[in-house]
Each structure stands twice: as structure tokens, then as C-alpha cells.
Amino acid sequence: MADSPFGTWNGQDPYEIFPGVHLNAFGGEQMLLCKVTYEPGKEVQRHSHDHTEQLMVILDGSVTITVGDETKTVSAGDVVCINRGIEHELFSEGGVTFIEGLAPVPLDHVPDRDRDLVLGPDGGATQDRKSTRLNSSHTVISYAVFCLKK
């Protein structure tokens, strides 16, 4: 766990959570904040976060998001709320950067737990250790957590 409640993404290589989708993360026991960038033409297939709510604010570019059965293209300044358990998918034709807040913390979005999490006395016992469910195949996948330390 991080030794300080302060962190930085400056100088950190982003973690590639999916091909062409990169993120930096920083969080505590209950909430994770991520800066996410999609390369042009990238898509994340329909999935849900069974235990995690997701809030997004688009910083640059645009992305077409389907949440449940509603589809909308959002761009800089737009915000999105995806409640836990709701299926959603994303596609960005020209690339996009956004900030997302996730609560509780989905550990599959944390590249380096020692660097990226500030945990209290219980060491993070209340964190969501469940993975994202890809509904197209109904299998639970676990993403490898890579240490970016060199």
C-alpha cells in the first residue's frame, strides 16, 4: 500500500487493461479514480461490474457508450453514471480520454497495489475483489495485475 495519501501519475506509464485501452489509477479502500485513454478505433465489449458503480467525465475526444439499452455519443464535458450490475459497452472511433470513479474499488483496475492504493488499518479488507463479468460469454475473467515498477 502507498505510504502517503498523495500520489502522482506524472512520469508513470499507463497500464494497458485491454488492447489499446490504457489507464492510470489511484484510490483508497472504497473508491478508485482512473484516467483512461482509448486509442482510435478501440472498443470494450459489453460487460458489467456486479459490485461497482462507475462515474465518468469525458476530458477529450468522444466515445459512443451503450448503458443498458440506451446509446449515446459523449464528448468533453459530458458525464455518465453506470450503476452496478448494468451492462455497458464503449467504442471510440477517434480516441477519447476520460476520468472515471469506481466504488467500491475493483482490484482488476489497479495496476500496482503497493503504489496505487492508500489503505487504512484493515489493509483494504472491504475492497471488491470480484472481476468484471463479460456478458457476451458469461464467464468471469481476471485481469493480470502488472507491476509497473522498473
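Y38 touches G20, V21, V44, L90, S92, G95, V96 and F98, leaving aside residues up to four places away in sequence; a contact here means heavy atoms within 4.5 Å. The model is predicted, so local features need pLDDT of at least 70 and side-chain atom pairs count only at pLDDT 80 or more, while totals for chains, interfaces and linings use all residues. Residues are numbered from 1 along each chain as its sequence is written, and side-chain values use heavy atoms, with hydrogens and water left out.

Y38 is buried, with a relative accessible area of 5%, and F98 is buried at 2% (buried, under 20% relative accessible area; exposed, over 50%; partly exposed, in between; 1.4 Å probe, protein chains only). The structure holds 1 aromatic pair. The ring centres of Y38 and F98 are 5.8 Å apart and the planes stand at 45°, so the pair is tilted (rings of Phe, Tyr and Trp, the last by its six-membered ring, pair if their centres lie within 6.5 Å; planes under 30 degrees apart count as stacked, over 60 as edge-to-face and the rest as tilted). Because Y38 lies in strand β3 (residues 32-38) and F98 in strand β9 (residues 96-103), the pair ties together parts that are 60 residues apart in sequence.

The largest nonpolar core has 26 residues, and those with the most contacts inside it are L32, Y38, M56, L90 and F98 (a nonpolar core is a set of buried Ala, Val, Leu, Ile, Met, Phe, Trp, Tyr and Cys residues joined through side-chain atoms within 4.5 Å). At least two residues of this core come from each of β1 (15-18), β2 (21-27), β3, β5 (53-67), β7 (79-82) and β9.

The chain has 1 helix and 11 strands (DSSP runs numbered from the N terminus: helices, H or I, of at least four residues; strands, E, of at least two). Buried residues make up 40% of the 150 residues in the chain.

A search of the whole structure finds 3 salt bridges (a side-chain nitrogen of Lys or Arg within 4 Å of a carboxyl oxygen of Asp or Glu). R46 pairs with E87, the closest N and O atoms being 2.8 Å apart. R46 lies in strand β4 (residues 42-48) and E87 in the loop between β7 and β8 (88-92), so this bridge ties together parts 41 residues apart in sequence. R46 also forms a salt bridge with E89, at 3.2 Å between the closest N and O atoms. The side chains of D116 and R115 meet in a salt bridge of 2.6 Å, N to O. Salt bridges that share partners join R46, E87 and E89 into one network.
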